[in-house]
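Q: I'm new to this one and would like to be walked through it slowly. Could we start with the terms and then go on to the details?

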Amino acid sequence: MSEGNGRTPGGRAVIRISGLTKSFGEQTVVNIDELVLGSKRVEGLIGPNGAGKTTLMRLIMRSTKADTGTVTLDDGSTEVVLSKLAPHRIASLGVVKTNQVTQDFAGLTIWDSLLLAVAQRRDERPHRIYRERHVVETYGEEIQGYLDTFEFSEPGGFAHSAGEKKLLDLIRCLLLNPKILLLDEPTAGLSEEVTAQVIEMLRTKVAEGMSVIIVEHDLDVIWGFSDIVHFMAEGDVILEGDPAYIRAHSTVVEKYLGSGHV
Amino acid sequence: MSAVWEYLFGSPAFLIFGTYTLMMIVGLGILLHLQLGVTGIGNFGVAGFWGAGLYTFGILQVHYDVGFWLALLAAAAAGGVLGLITGWVIADLDDDGVLAATLAVATIVFLAIESERDITGGRVGLGTIDFPFDVGERTDLAWLGILFGVTGVLLWYARRVHRSPYGRLLIATGTNEPLARSLTKPAKRTKVGVMALTSAGMGALGGLYGPIVHFLFPTQLTVAITVSVITALVLGGQQRPLGAFVGAVLTVGLFDIVIKLYVPLPRDVLEHTFPVTKQVVFGALLIFVLLFRPLGFLGRMRRETHVEGLTRV
Amino acid sequence: MFEASGVWTGYDEIDVIKGLDFSVGEEVFAILGANGAGKTTLLSAIAGLLPLTGGEIRFGGETISGIPPWRIAALGIGLVPQERGVFPDLTVLDNLRVGGLVAKQARGDRIDEIMELFPALAGLRNQRAGTLSGGETKMVAAGRALMQDAKLLLLDEPTAGLSPLYVENFFDRIRQIHETKQVAIIITEQNATKALEVADRAMVLSLGEAMTITDAKDLTTDQLRKGYKI
Ligand SMILES: Nc1ncnc2c1ncn2[C@@H]1O[C@H](COP(=O)(O)OP(=O)(O)O)[C@@H](O)[C@H]1O
Ligand SMILES: Nc1ncnc2c1ncn2[C@@H]1O[C@H](COP(=O)(O)OP(=O)(O)O)[C@@H](O)[C@H]1O
Ligand SMILES: [Mg+2]
Ligand SMILES: [Mg+2]
């Protein structure tokens with residue numbers, strides 16, 4: 001419930017992308033003419049390693065700056081040009097992303113890290129030095145809820161294992177109550193049990209109105225969870241369709257799935 | 001009894017001056033702790049922010065007869081504005097860039113003061129500045145009491161910051177800025193804000209130093225003071241509010257107060273060998289600490305349960 | 001060739017691995033277990049990155065616990081870490097070459113082999129490894145270990161983040177490397193099914209203790225599940 005991202009009832013917010021390009025040196029990594037993300041509740045984004053999936057998500061979040069093109073957030077009534085905003089403003093608008101390469105705050109315990117995510121700007125002013133109790137009392141229960149769902153070996157301590165850091169990254173994002181959550185390989189390296197828990201949790205959130213765009217190589221997750229799948233290769237989304245269609249498509253089989261998954 | 005008294009306070013002026021210095025180092029160290037230890041901003045220009053305050057205070061008092069409180073406020077404002085600008089400049093630089101830029105700020109302040117002779121007096125000096133009150137012979141002692149109070153307030157504030165959402169925001173911004181941004185935190189504004197706030201504090205400390213020395217010289221704000229503050233903080237523990245205090249006692253306290261005043265060293269040793277030895281020992285101590293206890297004597301930051309009575313594990 | 005007896009290890013005051021006994025011959029050995037079971041900790045300890053607090057590890061008849069990691073690597077144990085397994089400031093090619101430093105076979109051939117295994121890397125030879133995508137990073141880390149002419153490869157979740165096609169190829173290749181080069185392989189995986197397909201034997205690790213050590217084909221779902229519950 002960060003400032004300004006209370007969900008608007010009704011219309012589902014979508015991300016419109018047009019003319020978006022990004023090159024590193026000679027290599028064009030993303031080159032998308034037109035793309036709309038988020039019109040379905042859960043959208044899968046798959047493609048070979050290096051297709052540009054992470055870069056596309058980073059361009060949306062503006063953690064990487066695009067060479068050309070615009071990204072707009074359209075929630076039915078208003079349109080905001082995301083590609084002009086600072087990253088923290090984009091997150092405040094309810095577009096939030098988890099990280100493929102685990103990210104953590106070295107100095108913060110698991111609890112602290114989660115409190116950071118929920119704390120509002122007005123509580124984080126330099127003169128508000130007695131505000132901690134308020135923050136813990138307001139959001140403690142919500143955080144405890146997540147900590148009860150997912151097991152951490154020592155919630156008061158630091159997250160050490162790769163799995164814990166991955167979960168922490170996800171929970172931090174969920175605590176922001178996003179309108180659109182971009183997930184970059186959220187279950188890579190998680191056990192089947194924990195993966196199932198994560199998906200379960202996401203389903204609940206989706207039922208409450210959140211949209212999900214998910215990059216994953218775990219195909220059980222993609223086929224089982226997505227309403228629609230975008231297939232990306234060499235910087236562009238070249239196919240879109242329901243899971244069954246994508247799954248059977250020869251291009252996808254050849255470039256991505258391999259014969260083992262037909 | 002009186003012999004002991006004589007031994008301890010035989011030279012009260014020296015003792016008091018040594019303690020002033022100690023308090024300055026501790027105060028600046030606590031502010032640097034908020035910059036470096038908490039937010040990860042390696043400010044190598046402490047002397048500049050402090051000096052901006054010191055000279056603002058001095059100029060207003062000497063040339064314009066401005067009253068104490070207003071001059072002190074202006075000193076804080078000078079430090080704060082300088083911090084604001086510096087913060088804005090360094091917000092997007094990497095660690096090395098921050099070191100270089102802050103050192104440059106201090107150098108600019110130093111050169112400006114040295115060259116603007118009309119107003120700062122240059123090397124001739126600027127004075128005199130007096131205590132804002134007079135309680136007789138021990139006015140200097142009363143001033144020391146005030147410095148103790150100010151340092152105490154700074155320490156209290158730093159400790160509160162550690163337990164507040166603000167402190168958490170600073171730590172997060174310092175350790176992983178892109179991640180903090182992605183969680184709706186305005187990293188740049190946060191860094192500029194903390195620089196402005198703490199530099200204002202440094203400027204105010206500079207103002208409070210004016211009456212102590214009565215006469216201001218540019219040599220008072222060389223890199224030496226920055227080095228003392230950094231040494232004290234790193235030695236004591238840069239991530240802990242008390243770090244600067246522990247470090248300053250071990251360095252300035254031990255050398256400039258205890259040894260200088262109470263160890264009967266021959267005069268030429270005291271004048272020539274001692275200062276050099278002191279620097280060597282500081283340097284060696286710093287290397288030793290960085291090698292074997294990089295976070296200083298007090299060690300790593302502790303983020304304990306902040307709110308009593310709540311079931312946080 | 002590899003033997004761990006009564007191995008204890010962990011961090012500071014915390015014991016993570018609690019008295020493990022197992023041995024690995026010329027085989028592919030899978031370590032399975034829930035997140036936080038201690039797989040990464042165990043592999044780090046074998047590679048010498050964490051000190052043992054008890055027990056002993058022997059390799060080729062020599063005690064290797066207590067000796068520095070670079071000597072363990074020189075003895076022929078190669079680790080592919082779960083995360084951050086590349087030198088970010090070196091190019092892809094240089095990362096592979098670093099692995100080749102301890103190898104005997106001509107490096108050029110080996111690099112070609114790696115490129116064949118991971119065609120995606122071919123176009124990225126001169127890219128800084130720190131700028132690679134997550135999957136590409138994994139490929140370089142694995143490639144570097146393969147360059148090493150190791151006698152024992154430790155693979156810590158090598159396929160997490162690889163696309164299905166690559167996962168397939170990678171597992172095929174693991175068998176192949178093992179068979180043609182007589183390399184023993186210890187692999188941890190979340191994809192238990194896949195891991196059990198290539199492994200000869202498997203250990204189910206739970207909270208730092210071995211629940212089961214058995215032939216991969218004999219491992220029952222029940223035994224496996226035990227590793228993930230509690
Ligand atoms: N900073 C960079 N410099 C050069 N190449 C980059 C950089 N960042 C990403 N790339 C390249 O862009 C391509 C797409 O990367 P990415 O979006 O991470 O792929 P994925 O679809 O696997 O998430 C990769 O080939 C990667 O090597
Ligand atoms: N650097 C560390 N310091 C303290 N505890 C750690 C550290 N790394 C991992 N741990 C703890 O050790 C346990 C095992 O972690 P790990 O070996 O990474 O598990 P796995 O690889 O099986 O998922 C976890 O409970 C984790 O919290
Ligand atoms: Mg990616
Ligand atoms: Mg692991």
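A: Gladly; helices (H or I, at least four residues) and strands (E, at least two) are DSSP runs, numbered from the N terminus, and two strands pair if DSSP finds at least two bridges between them. This is a predicted model, in which local features need pLDDT of at least 70, side-chain atom pairs count only at pLDDT 80 or more, and totals for chains, interfaces and linings use all residues. Residues are numbered from 1 along each chain as its sequence is written, while chains are lettered from A and ligands numbered from 1 in the order in which they are written.

Q: Which residue stands opposite C:Trp8 in strand 4 of chain C?
A: That is C:Gly54; strand 1 (residues 2-11) and strand 4 (residues 52-59) of chain C run antiparallel and are joined by 6 bridges.

Q: Switching topic, where does ligand 2 lie?
A: Ligand 2 lies between chains A and C, and 16 residues surround it, the closest being A:His160, A:Ser161, C:Tyr11, C:Thr40 and C:Thr41; a residue is counted as near if its C-beta atom, placed from the backbone, lies within 6 Å of the molecule.

Q: Which helix gives the most to that shell?
A: Helix 1 of chain C does, with 3 residues, while helix 5 (162-175) of chain A and strand 2 (14-24) of chain C are also among the elements that each supply at least two.

Q: Back to chain C overall, how many helices and strands are there?
A: Chain C has 8 helices and 10 strands, and its C-alpha trace spans about 45 × 35 × 35 Å along its principal axes.

Q: How much of chain C counts as buried?
A: Of its 230 residues, 48% count as buried, a residue being buried if 20 or more other C-beta atoms lie within 10 Å of its own, exposed if 12 or fewer, and partly exposed in between, with C-beta atoms placed from the backbone.
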